[in-house]
Amino acid sequence: MPSKNGFTLVELLAVIGIIGILTLTVSTAVVSILNNQKEALAKDTEKRLKDAAISYIQEKKIHLTKCPIGFSPEKPTDENKSCYKIITVEEIKNSGLFDDFEGYCESTANILVYKETNQNYTDLKAYATEGICK
């Protein structure tokens, strides 16, 4: 009777197939995790940019009047021009209030800072089109 000294071709192919399936599963999960992290980083960068825009208004002592209740930063009008200021990302970067070494945000994008009025308070808010930081 011949002795068995190794694996058969079928056994090796089965192991290679299993390794391939595991690799595909793991790589799909890793890509998903990386995409989620990239989206979270973009949202965080966008929030920091909005905070820097508000700081820019405060540092430059730009006076804004209270926006009327119902003001929409997505569609600002000339009649409400005194309650908002549009600033480019480049202006904020040049002021030193925001660093974007990796180039995540579009330098030519605009941030609209406005004075929001609610029933009980008035507060500076910043609006930017979603996705200006990638």
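Q: How do you know that the span of α1 agrees with its 51 residues?
A: Helices here are DSSP runs of H or I with at least four residues, strands are runs of E with at least two, and both are numbered from the N terminus. The expected span is 1.5 Å times one less than the number of residues. For the 51 residues of α1 that should give 75 Å, and the end C-alpha atoms are 73 Å apart, which agrees. This is a predicted model: local features need pLDDT of at least 70, side-chain atom pairs count only at pLDDT 80 or more, and totals for chains, interfaces and linings use all residues. Residues are numbered from 1 along each chain as its sequence is written, and side-chain values use heavy atoms, with hydrogens and water left out.

Q: Why is Ile16 called exposed?
A: Exposed means over 50% relative accessible area, buried means under 20%, and partly exposed lies in between (1.4 Å probe, protein chains only). Ile16 has 55% relative accessibility, so Ile16 counts as exposed. Ile16 is found in helix α1, residues 9-59.

Q: What makes Leu9, Leu13 and Ile16 a nonpolar patch?
A: Patch residues have over 30% relative accessible area and no salt bridge; nonpolar side chains (Val, Leu, Ile, Met, Phe, Trp, Tyr) are joined within 5 Å, like charges within 9 Å. Leu9, Leu13 and Ile16 form such a patch on the surface, with about 340 Å² of accessible area together.

Q: What do the buried residues of α1 pack against?
A: They pack against β1, α2 (89-94), β2 (110-117) and β3 (122-128). Among the buried residues of α1 are Leu49, Ile54 and Tyr56. Contact means heavy atoms within 4.5 Å.

Q: Why is the pair of Phe71 and Tyr84 called stacked?
A: Rings of Phe, Tyr and Trp (its six-membered ring) pair if their centres lie within 6.5 Å; planes under 30 degrees apart count as stacked, over 60 as edge-to-face and the rest as tilted. By this rule the count comes to two aromatic pairs. The rings of Phe71 and Tyr84 have centres 5.9 Å apart and planes at 25 degrees, so this pair is stacked. Phe71 lies in the loop between α1 and β1, and Tyr84 in strand β1, 13 residues apart. Both Phe71 and Tyr84 are buried.

Q: Why is the pair of Phe71 and Tyr114 called tilted?
A: Their ring centres are 5.5 Å apart and their planes stand at 50 degrees, so the pair is tilted. Tyr114 lies in strand β2 and Phe71 in the loop between α1 and β1, so the pair ties together parts 43 residues apart in sequence. Phe71, Tyr84 and Tyr114 form one aromatic cluster.

Q: Is Asn80 buried or exposed, and how do you know?
A: Asn80 has a relative accessible area of 16%, so Asn80 is buried. Asn80 touches Pro68 and Phe71, not counting residues up to four places away in sequence.

Q: What makes Lys47 and Asp51 a salt bridge?
A: A salt bridge is a side-chain nitrogen of Lys or Arg within 4 Å of a carboxyl oxygen of Asp or Glu. The closest N and O atoms of Lys47 and Asp51 are 3.2 Å apart, and the two form a salt bridge. Both lie in helix α1, four residues apart, about one turn of the helix. By this rule the count comes to three salt bridges.

Q: Why is Lys134 called exposed, and why is Glu106 called partly exposed?
A: Lys134 has a relative accessible area of 53%, so Lys134 is exposed. Glu106 has 38% relative accessibility, so Glu106 counts as partly exposed. Their side chains meet in a salt bridge (3.2 Å, N to O).

Note on methods. Areas by Shrake-Rupley, 256 points an atom, 1.4 Å probe, with all protein chains shown as cover.
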